[in-house]
Amino acid sequence: MPVSLDFRFDNSYARDLEGLYARSRPDTVAAPRLLYLNRPLAAELGLDAMALAGEEGVAVLAGNALPDGAEPLAQAYAGHQFGHFSPQLGDGRALLLGEVIDARGQRRDLAFKGSGRTPFSRGGDGKAAVGPMLREALMGEAMQALGIPSTRALSVVATGEPVYRERVLPGAVLTRVAASHLRVGTFEFLSSRGDGKGLRRLADHAIARHDPDLQEAPDRDLALLRRVVARQAGLIAQWMNVGFIHGVMNTDNMAISGETIDYGPCAFLEAYDPDTVFSSIDERGRYAYGNQPGIARWNLARLAESLLPLIVADPSEASVREGVARATEVLDAFPALYEAALLQGQRAKLGLQQARAEDEDSDRELAHDWLALLARQQVDFTLAWRRLADAAEGRPGGLLALFPEPDALSGWLARWQARCASEPVSPAERAAAMRRVNPFVIPRNHRVEEALTAAFERDDLAPFDRLMAALARPFEETPENAAFGEPAPAQVTACYRTFCGT
Ligand code: AMP
Ligand code: MG
């Protein structure tokens, strides 16, 4: 049943990358019911939200009706999972419907998650449950509102069918919008098979999509690597500055676009501790909060290795040596790029508006010592930054109240105040600027759980809607959203575990 909803598809992945996908179809589902529709995102895509929320629209978002122009396919990719290479992963419970050209002319992937088995499903059922899909929607919108590049959910539809996990759960299909779904693992897939021609097509496709200005560049593959390194350095710095823990930074979950992708066991820090791990499967803490920059670099090294056949001009020993040296040089820029992006973010969070080169070392130290204080006293990361803005206006009471031993803060506060005083910025202006970068509302673990439990156990979407609304305006602190700014009781956070949602 074709529908009249006007998706403007132009499917370059299907066209360009034969061999890197398997055509497949979404399962039809028994009783689709719309749980969430992202109306602003629908508008961005040039779609009529009213029509999407109607019967025909929901049939499309459930996979029961294919829109005109869709060419559903499962993407192939490989990946290093917890350090171990799997040559064949791929979309086991996802399907790319195609690429939509949005209202601003941007190409955006439209993909299902939870739409049934594909040729890459291995032993899995290809399905997803309501809870994890609503979780992905919440997290993506939270990141978006925080100004952090992210894939986003257009919709979540309950299927009316059971999904069998440790317990029986209600099933769901999420529709995801992404700049693309090209991953480090997509390159690894072709490289590990020695498919040089495929690699050439993939790199050209990625460049056309994300870095079209490089198309004519003489060293375009090395330049692509440089761009991805820069995007990831910026992205991870943003994660670190809001306390985001991805939880499963496998190379198949790292996007070439620089968007945060694959929200599974992710969660935000509460009390500041760089060793924090929430994911139940991350037993050794590989993807702990503080490890994320190092892991990003490790993943980028896997991308560099995969691109090497393109970077190296010919198989002579001299060429190989030169190619490796040039790729290594690009990779080695990651720590400095990351540190620069981190400091830029930290300065803004500290209320420092003048990024003077001569202050760089001492500003870095100021941020470092502040974080050390938070760590030592297990202070809530988000609230500490937020209350620092009040302190900038001469109201340090709320900040001091967060510290079990507030006296330990006085030396640091004096240093910070002296640094602030070196700039011609009024206290009110500084505090206002700090409140524009230090969120009050983040997706707190107990709030997320509360919203998801109400949705999948009682069919009550009101807590989810309220949380989503609060997350859309993270920098506002009002009586209405006060409850969303409160940390969970420490015992709750200490026991908090997240799952991959498989
Ligand atoms: P993820 O942990 O979501 O990044 O998934 C890792 C790999 O497992 C990907 O190839 C997924 O497509 C696959 N996968 C996860 N869950 C399922 C499922 N329920 N059925 C089939 N494949 C799955
Ligand atoms: Mg994944």
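Hi everyone, let's start with two phenylalanines: F7 and F9 are both buried, where buried means under 20% relative accessible area, exposed means over 50%, and partly exposed lies in between (1.4 Å probe, protein chains only). Before I go on, this is a predicted model, in which local features need pLDDT of at least 70 and side-chain atom pairs count only at pLDDT 80 or more, while totals for chains, interfaces and linings use all residues. Residues are numbered from 1 along each chain as its sequence is written, chains are lettered from A and ligands numbered from 1 in the order in which they are written, and side-chain values use heavy atoms, with hydrogens and water left out.

Now, the aromatic rings. Rings of Phe, Tyr and Trp (its six-membered ring) pair if their centres lie within 6.5 Å; planes under 30 degrees apart count as stacked, over 60 as edge-to-face, and the rest as tilted. That rule gives 16 aromatic pairs here. F7 and F9 make one of the stacked pairs, with 5.7 Å between centres and 15° between planes. Y272 and F381 are stacked too, at 5.4 Å centre to centre and 20° between the planes. This second pair joins distant parts of the chain: Y272 sits in the loop between strand 12 (267-268) and helix 9 (292-311), and F381 is in helix 13 (residues 381-392), 109 residues apart. For the elements I name, helices (H or I, at least four residues) and strands (E, at least two) are DSSP runs, numbered from the N terminus. Y272 and F381 are both buried, and they belong to one aromatic cluster that also holds Y289, W370, W385, F403, W412 and W416.

Two arginines also meet rings. The charged end of R183 sits over the ring of Y77, 4.3 Å from its centre, and R302 lies over the face of W298, at 4.4 Å from the ring centre. The criterion is NZ of Lys or CZ of Arg within 6 Å of the ring centre and within 35 degrees of the ring normal.

On to the ligand. Which residues are closest to ligand 1? They are G90, G92, R93, D125 and G126, out of 17 that surround ligand 1, counting residues with a heavy atom within 4 Å. That shell divides into 2 nonpolar, 8 polar and 7 charged residues; Ala, Val, Leu, Ile, Met, Phe, Trp, Tyr, Cys and Pro count as nonpolar, Asp, Glu, Lys and Arg as charged, and the others, Gly among them, as polar. A backbone N or O atom of G92 is 2.6 Å from an oxygen atom of ligand 1, and a side-chain N or O atom of R93 is 2.9 Å from an oxygen atom of the ligand. For D125, a side-chain N or O atom lies 3.1 Å from a nitrogen atom of ligand 1. The protein covers 87% of the 480 Å² of accessible area that ligand 1 has on its own, by the Shrake-Rupley method with a 1.4 Å probe.

Finally, some loop residues. I442, in the loop between helix 16 (427-437) and helix 17 (445-458), is buried at 1% relative accessible area. I442 and A145 are 297 residues apart in sequence and 9.8 Å apart in space, C-alpha to C-alpha.

Most residues other than glycine have a negative phi. D262, however, has a positive phi near 65°, and D459 has one of about 60°. Are they buried or exposed? D262 is buried at 12% relative accessibility, whereas D459 is partly exposed at 48%.

Methods
Polar contact = N/O pair within 3.5 Å; in protein donor to acceptor, adjacent residues only side chain to side chain.
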